[in-house]
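Hello,

Here is the structure I promised to pass on to you. Have a look at it first, and then read on for what turned up in it.

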Amino acid sequence: MGGPVITLALRSQEDVLLTRRRARDLAGFLQLGAEAQSRLATAVWEVARIAHRYGPEGAVEFAIQDEPPAAVVTISGIAHAALTGETPGEALDRLDLAKLRQLVDRVEARDSEGSVLVRLTSALDEDAWLPGLTELSHVLGSLQRHESGEAEAALNELRMQNAELVTALATLSQRERELVALNRELVDTNRAVTALLAELGQQAQELRERATGHASFLGALTHELRTPLYAVRGMTEAILREGGDRLEPRLREDVRLIDGAMEEALDLVNDHLDLARLAAGREVVRVADVHVDELFSALRGIVVHLPRSPGVTVIFEELNGVPKLRTDGFKLSQILRNYVVNGLKFTERGEVRVSAVAVDAGMQVRFAVSDTGPGLEPTDQTRIFEEFVQLGRPAEVGELRGSGLGLSICKRLATLLGGEVGVTSELGRGTTFTATIPAIFIPGSEDVEVVAEG
């Protein structure tokens, strides 16, 4: 049954501190959590402090409400000036009801016999156990009589306030770090989407500008091969997404295998189209300022969605002294993306690490993608960038199929930008692919059309 438990007068600063302790005691007896206890105690202390600041007529009543269950603290005898600010004083010496509502579930303020009454309510669980009023009043009264007049009680309360402040600051710091991480992820994703849209727009524009028979052939091939493949994959994904749980296990596995085969076929067609586009006629290099930190940020937003083994992480190293480049950022991004995709395919556990360093006194930048995969034989390292080369132990090839064109495309793109690719590897320890790109693009062939974009 609900009702008042104990009433305390606000005659001194010590009384103000003790009301805070009684509020926390009441919340603890009613089984509120540690954070809720601190919130109620802080709200009660704030109102009691300001009530005492404006006059010695204040009182604090602690009560229990049974419908709905709640802890209720009523502070009475507060001067109107505490709300209106009519009496000169610091801003911290006036009641801020909006801030109080951030601490407890309900705040009420109303006139009562020529003064202001403030009621603070902290809700309890619907099935919360409510102690008897007599027993609770006796316990709180005993605590109050024992602690009243003791300087040590005030000191302990100050210590408790300090501990709660430290805990609150730690919580705020953790939340700030989480917000920073979330904001960075959103920025990376936004840059990735922007980069992909710009790259798609560039490729679409290049295709529209090609008026040769070869361009017509590529367009026809795109339509004839990719359209039905996308259609089949769309149907298999819809089956798995909307009705996969209702399929028999063997039939569901068959649909999953069909979906995987369509994905591999699409990768193969896209790689062939990229290679044919590079080998066909006059290539366009769109030169613009490329900031490597923004390039890595966009790439981070892309690779986070790439398939990988559960135990594999992608790490982007910090950049130190890497200059701004004047080159084709889209083609450079494609090189790094192919390297990362290749590393994720062949790495079952460990990491894929992306880095960039300035070389040749800042005249070039060497990009590297290292993995902890199975590594390469020395003889395989000499032909890994050739077209249609697929390497790996027999047990791996069936699982890690591809077109064998991704790395050869990287080599062609790096050469187009005036750079070169490389590889170092050790069996059982992993592989590192590099692309060394000039900081400033200089055309090396008449077949390359250079477009400056800023």
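Two strands count as paired if DSSP finds at least two bridges between them. Helices (H or I, at least four residues) and strands (E, at least two) are DSSP runs, numbered from the N terminus.

Before the tour, a word on the source. This is a predicted model, in which local features need pLDDT of at least 70 and side-chain atom pairs count only at pLDDT 80 or more, while totals for chains, interfaces and linings use all residues. Residues are numbered from 1 along each chain as its sequence is written, and side-chain values use heavy atoms, with hydrogens and water left out.

The pLDDT is the predictor's confidence in each residue, from 0 to 100. Its mean for the protein is 77, and 72% of the residues reach 70 or more. Where pLDDT is low, the predicted coordinates should not be read in detail.

**The β1 to β5 sheet**

Please start with the open sheet of 5 strands in the order β1-β2-β3-β5-β4, where the pairing is antiparallel. β1 (3-9) and β4 are its edge strands, each pairing on one side only. On average, neighbouring strands here are turned by 20° against each other, direction ignored. For this and the other angles, axes are lines fitted to C-alpha atoms, for helices over the stretch in contact, and angles run from 0 to 180 degrees between N-to-C directions.

Strands β4 (residues 106-112) and β5 (residues 115-123) run antiparallel and are joined by 7 bridges. Glutamate 108 faces arginine 119 in β5, and aspartate 111 has valine 116 as its bridge partner. The two strands make a hairpin with 2 residues between them, and glutamate 113 in the turn has a positive phi of about 55°.

Helix α1 (residues 13-29) lies over β1, β2 (59-66) and β3 (69-78), at about 10° to β2. Helix α2 (residues 34-53) lies across β3 and β5, at about 10° to β3.

Two loops deserve a look as well. Most residues other than glycine have a negative phi, and most peptide bonds are trans. In the loop between α1 and α2 sits glutamine 31, whose phi is positive, near 65°. The loop between β2 and β3 holds proline 68, which is joined to glutamate 67 by a cis peptide bond with omega of about -15°.

β10 (residues 364-371) and β12 (residues 430-438) run antiparallel, with 8 bridges between them; arginine 366 has threonine 436 in β12 as its bridge partner.

**Helix α10 and its partners**

The axes of α9 and helix α10 (residues 329-346) come within 11 Å and cross at roughly 45°. That makes α9 oblique to α10, since angles under 35 degrees count as roughly parallel, over 145 as roughly antiparallel, 65 to 115 as roughly perpendicular and the rest as oblique. Residues of α9 in this contact include Leu295 and Phe296, and those of α10 include Leu332 and Leu336.

What about α10 and α13? These two helices pack at an angle of about 155°, with their axes 9 Å apart, which makes α10 roughly antiparallel to α13. Among the residues in the contact are Ile335 and Tyr339 of α10, and Leu407 and Leu413 of α13.

Enjoy exploring it!

Key. Contact = heavy atoms within 4.5 Å.
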